[in-house]
Amino acid sequence: MLRYILHRILYTLPIALGVSLVCFALVHLAPGDPLSSVLPENASPQVIAQIRSAYGFDQPLPVQYLKWLGRAVTGDLGASIKSGRPVMDEIAPAIGNSVILAAAAIAVAFVGGCAMGGVAGCSRSRVLDRIVTGMAVTGVSLPHYWVGMVLIVLFSVELGWLPASGMGDLDWRHMALPTVTLAVIPMGIIARSVRASVIEIRKQEFVQTLYAKGLRGPQVLMHVAKNVAPTVMAVMGLQFAQMLGGSILVETVFAWPGTGFLLNSAIFTRDLPILQGTILVLASLFVLMNLIVDVLQMVVDPRVKRI
């Protein structure tokens, strides 16, 4: 097992390096000058040159990348152009808020998706299967931001039951709408994955053997669930990682102060260090989550071990 983990870590290192290069390049390819927000009006060429030199933008891009990567490895992602604070001080609380929201959403998606997928898989080609499958496809097809706006209009504006924005004191009332909104698409994806896995596993010979030995439905279902677990874990891990960086519209709609909200603000203010730092941290978390999922899959089911 240790050898497998070490190999997976070695495979992850070049991926992380490539991710850092892509993050750096994409931000610099964006049109516009990132220093435009801090340059004074009618600034002289001498002042512009001094500011560019202070931020290191006067050097060639390969040199900027190597210096940025060297600082990033030590946890120094620079300072925000807009606020002047260290980038990590801006990112750390935002990541914490996004993790809280993503954890709540993935929990809802897991319970709902597994229940829907299990019911559909055990009722293949029946009316219940078609209903659940239709709900899952609808959930996957609905845009996050549209679901959020509909929930705000219904439960905040019309009924007045729940707050429309902010995280308040982190109580369930503030978390309810963004959590449900963020969980809709993952729930549909998990439901479809569980349904396909349940159908495939129920066709295998060991299931018929279990019935032949006299095991009842719930007992057989437990064996089926164990074989479905690796697939569910893989889907959940990827969806959780995607929620951390892909919830920019949801966090913007609900004014949730997470990484998505931070990225949206940095884009509009052209805060290059915040953009680079946030994207790098989120991409690194995505790579790390893939590594964790691979290891957990091997623990749950050693048959997935490839080396």
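**Close-up views of a helical chain**

**View 1. Helix α4 meets helix α5.** Helix α4 (residues 87-122) and α5 have axes that come within 8 Å and cross at roughly 145 degrees. Here axes are lines fitted to C-alpha atoms, for helices over the stretch in contact, and angles run from 0 to 180 degrees between N-to-C directions. The crossing of α4 and α5 is left-handed, a term used if the near helix is turned anticlockwise from the far one by less than a right angle. Met-116, Val-119 and Ala-120 of α4 touch Leu-128, Asp-129, Val-132, Met-135 and Ala-136 of α5, where contact means heavy atoms within 4.5 Å. By class, this contact of α4 with α5 has 7 nonpolar, no polar and 1 charged residues. Ala, Val, Leu, Ile, Met, Phe, Trp, Tyr, Cys and Pro count as nonpolar, Asp, Glu, Lys and Arg as charged, and the others, Gly among them, as polar.

This is a predicted model, in which local features need pLDDT of at least 70 and side-chain atom pairs count only at pLDDT 80 or more, while totals for chains, interfaces and linings use all residues. Residues are numbered from 1 along each chain as its sequence is written, and side-chain values use heavy atoms, with hydrogens and water left out.

**View 2. Helix α5 meets helix α7.** Now look at α5 (residues 127-141) and α7 (residues 172-202), which pack at an angle of about 140 degrees with their axes 7 Å apart. The two helices are therefore oblique to each other; angles under 35 degrees count as roughly parallel, over 145 as roughly antiparallel, 65 to 115 as roughly perpendicular and the rest as oblique. α5 passes α7 in a left-handed crossing. From α5, the residues Asp-129, Thr-133, Ala-136, Val-137, Gly-139 and Val-140 meet partners in α7 that include Val-184, Ile-185 and Arg-195. The residues of this contact of α5 with α7 divide into 7 nonpolar, 3 polar and 3 charged.

**View 3. Around Thr-259.** You can find Thr-259 in helix α11 (residues 259-269). Is Thr-259 buried or exposed? Thr-259 is buried, with a relative accessible area of 1%; buried means under 20%, exposed over 50% and partly exposed in between (1.4 Å probe, protein chains only). Leaving aside neighbours within four places in sequence, Thr-259 is in contact with Ala-94, Ile-95, Ser-98, Leu-244, Glu-251, Thr-278 and Leu-282.

**View 4. The chain as a setting.** The chain has 12 helices and 0 strands; both are DSSP runs numbered from the N terminus, helices (H or I) of at least four residues and strands (E) of at least two. Of its 307 residues, 39% count as buried.
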